[in-house]
Each structure stands twice: as structure tokens, then as C-alpha cells.
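Here is a short briefing on one protein structure. Have the sequence and the 3D view open as you read.

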Amino acid sequence: RGVVRREQRRIPLGRAHEVEIVEPPGLRVFGLCRLRVETGAGTGESEISLSGLSLPIARALSADLRGDSRSGSGEPPTTEAPVPAPEPTPLIRLSSRRLALAGITGRRLAFPALALGWLAGQADTFFGDDGIVGLGNEVLSRSETVTLMTWVTLITLGLVIWIAGAALWSVVSDHRLEARVVNGRLRIERGLLTRRRSELELTRCQTVSVVAPLIRRVTGTADLEVRVAGGSMDGGSGSIAIPMLRPDEIRRICDVLPGIDDPLVPLTPAPPAARRRQLIGGVIQPVLLSLVLVPLLAILLDWRPGAALAVVLLVFGVAGGELTARGWGYALNDSMLVARRGPIRRVTVAMPLDRVQAADLSTGPIQRRWNLATVRVGAAGGPNVVSITDQTEPRMRSVLAACLPAHPPDRGPRPRQDR
């Protein structure tokens, strides 16, 4: 390709791991699309990107790259659309209503939703029984009332527009989201204006993450992220994210992923020593910070604001330490390792044991005092890491032995290479 600078790129057919067909609005009007091919090199971008292809040619070329038809024949794709085979039943299908709810309950909407709820709760403060706006015992003048009402209206309108825009964006970007397994690949189709079809090999799955923020846990749902080795699909993140799934839908998708049994298994909680360590840390940090801020506020203002700030910092420190320890947990079975972290935003990561590339065990001086240890297990292709923090050292050594056994399974004699 290219006019001034010609570029030629070749990729072996057996190395095409991910194939994505994107239909932007500008190409979709003319019945064209863009084909992206990823080999897992981990460069952060697609190795091949072909724009201006007709949809039948792109689908035929995608089938050839996957080896579904005419594998190894070297024949160019025909311009005629292949006979459509019956599509497998989707594993999941998200409605527009659930997508809108996913946009409203996302992380970016936490602050606007709380602010809107606070404004609604302060209605009794702003409006008295006689309809006159008042703050405490002071009755505002007519001009001050108009100014206050204008600001409250503008802020409320802005928050409503923000929330409605997030819901609309979620519906447009993930419209008619479907996930199905086709010829050993996980296919995700989504989008209203820009229709995307992403496919990845099931055997290339490195980790599965179940992300459950506080508001998601209240609704009984969570987000699912399937991360692959060195991928650049789905915005260059190397993972495919599906929002707001129920537990049965998460298990349905994980059942088709090799080595992933059930990421929602019961977990071993953090030991009491880990909770005591977090509580002590949650007390020491606010105390050290208060020793600096309280005298400063006492000099500039008064001792009361400094004392109130010290109490607030101490409460938040203790609560943060307790929530952090409660969020930790892990599970280990014959096929996978599962770890959970996060005080409020709980992230559960599952990794098949046959994907483990490296593992390390670390103990700090305070951890050795409490007989605790931390294990980090990594897989190939990017930030695929499972971290287990502040568990007892004997348990962590057993996890390390299970992830990297001293005697790996015999793979047979290695072929002799003649020089």
C-alpha cells in the first residue's frame, strides 16, 4: 500500500490470532468495512488494517485467515458471498435497557449520581413550608432566591444531561451486544453507528477479570474482561470487555474458555494477621498526617478544625484498612488460580495454571513479623498478572509450587537439530 512510500507486509496464515471487522458510518453507507488482523506481537496496534473492503470479501478473507475454508489452498477470496451457515446460539445478548443501566451505573457516573441525590435530599433545606427559600434561619431576598434557584437548576440540568449522555453512549457503542462461539473462537458483535465484530482464539485467553464496583454489587451484576496475549483489539487494550453480566452469564462464557472453570468460586479470606496489619497501617498514616496538619490549622485558624480533620482521617484510615482486608481472597484448584482485591471496586482475576510464565514470592520485614507473604503470578503478553497479598507464607509457598512445579510434565523427547 501507499503512493509515495510503498509498504508491503506479510504475515503467516497460522499466526493470525485475532480478526476484527469494523463498519464505521462513513464506510457502512457504501456497504464497505475495515478488516483488522492481529498476530499477538503485542505492538499495541494491528499488524494489518485493510479499509474499503466489501462486507462479503471481508468475511471470506476472515474465514480464510481463521482456516475455516480453503485453508492452505492459497486461493484468493471470491467476490461472491458464501452460503450463510446457521449461526450458533448466542451465549449472551444484552438489551438496550441493560446497556443504558450499565452506562448510568458506570464509574464515571458515580459522582454525578451522588451529587444529584444530594441535591434532591436538600430540597427541604432550600424550600420552607411557605415556599420561600431559606438557609438555616436566614430568609433570602428575592434577588438572592432567584440567583440560588438559577444555580441549582443549572447544576441539576447539567447532571441530568451528563447521566443521560452516559446512558446514550453505552447504548450506541454496545448496541445489540452478542457473544457466541464460532469454530473455536469467541465472537463479540456490538455497536449501532460503528458495528464491530471481534474474534479471538479461545486457546489464547490468558486471564479473565470480573470487575464488580459497589453499585454493580448492589444490582447483582459485574463486568467481564477477557484478556489475551499481546492483543490490540477493543481499542488497543488487549482485552474484550462485556458490561453488566449476571453470575450465570459470566459462568456461561467462562465455560467455553480453556482452563477457566468458574471465577466466582468461594475464596479463602485474608488471615486475621493481615487484617491487623491493615488496621495498624490505617491508624499510623492518619496519625502521622495529623501531626503535621493539626498544628498548622491551629496556628492559622483554630484547634477545632484540626481536631475534626484528625478524627475524619482516623475514621477513613480504619475503614479503608478493614475494607482492603475484606476485599482480599484467593482460590486454587487443579486448573486455575483465582485472586480478588479491592476495598470498594472488587476485581477478581482468574488465570489457567498452564498459562503461567513466571511467579515470585516476596516478604517484607513487617510481613515476616506476621508470617505473611505476597505472590505475583504472570502470564505472557502484557499486564496479565494475578497478585495475592498478605496470605500466610506456607499457603503462598504451596501456591508457588502449584504454579511452577519443580518437575514439569514430560512433553516427550525434543527433536534433534542437525547443524
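How many disulfides does the structure hold? It holds zero. Keep in mind that this is a predicted model.

**Cysteines**
- Cys-254 is in no disulfide. The nearest cysteine sulfur belongs to Cys-205 and is 8.0 Å away.
- A disulfide needs two cysteine sulfur atoms within 2.5 Å.
- Cys-254 counts as buried because its relative accessibility is 0%.
- Cys-403 has 4% relative accessibility, so Cys-403 counts as buried too.

**Helix 9**
- Helix 9 spans residues 247–254, and its buried residues are Glu-249, Ile-250, Ile-253 and Cys-254.
- These buried residues line one face of helix 9, because they fall within an arc of 135° seen down its axis.
- An α-helix has 3.6 residues a turn, so residues three or four places apart point the same way.
- The buried residues of helix 9 pack against strand 4 (92–93), helix 3 (96–104), strand 10 (205–212), strand 11 (222–228) and strand 12.

- Seven strands make up an open sheet, ordered 12-11-10-16-15-14-13, with antiparallel pairing.
- Strand 12 (239–245) and strand 13 (268–269) are the edge strands, and each pairs on one side only.
- Two bridges join strand 13 to strand 14 (residues 329–332) in the antiparallel sense. Thr-268 stands opposite Tyr-330 of strand 14.
- Helix 11 (residues 303–327) packs on the sheet. Helix 11 touches strand 14, strand 15 (336–341) and strand 16 (346–352). The direction of helix 11 makes about 165° with that of strand 15.

Technical notes
Residues are numbered from 1 along each chain as its sequence is written. This is a predicted model: local features need pLDDT of at least 70, side-chain atom pairs count only at pLDDT 80 or more; totals for chains, interfaces and linings use all residues. Side-chain values use heavy atoms; hydrogens and water are left out. Two strands pair if DSSP finds at least two bridges between them. Helices (H or I, at least four residues) and strands (E, at least two) are DSSP runs, numbered from the N terminus. Contact means heavy atoms within 4.5 Å. Axes are lines fitted to C-alpha atoms, for helices over the stretch in contact, and angles run from 0 to 180 degrees between N-to-C directions. Buried means under 20% relative accessible area, exposed over 50%, partly exposed in between (1.4 Å probe, protein chains only). The arc is that of the directions from the helix axis to the C-beta atoms.
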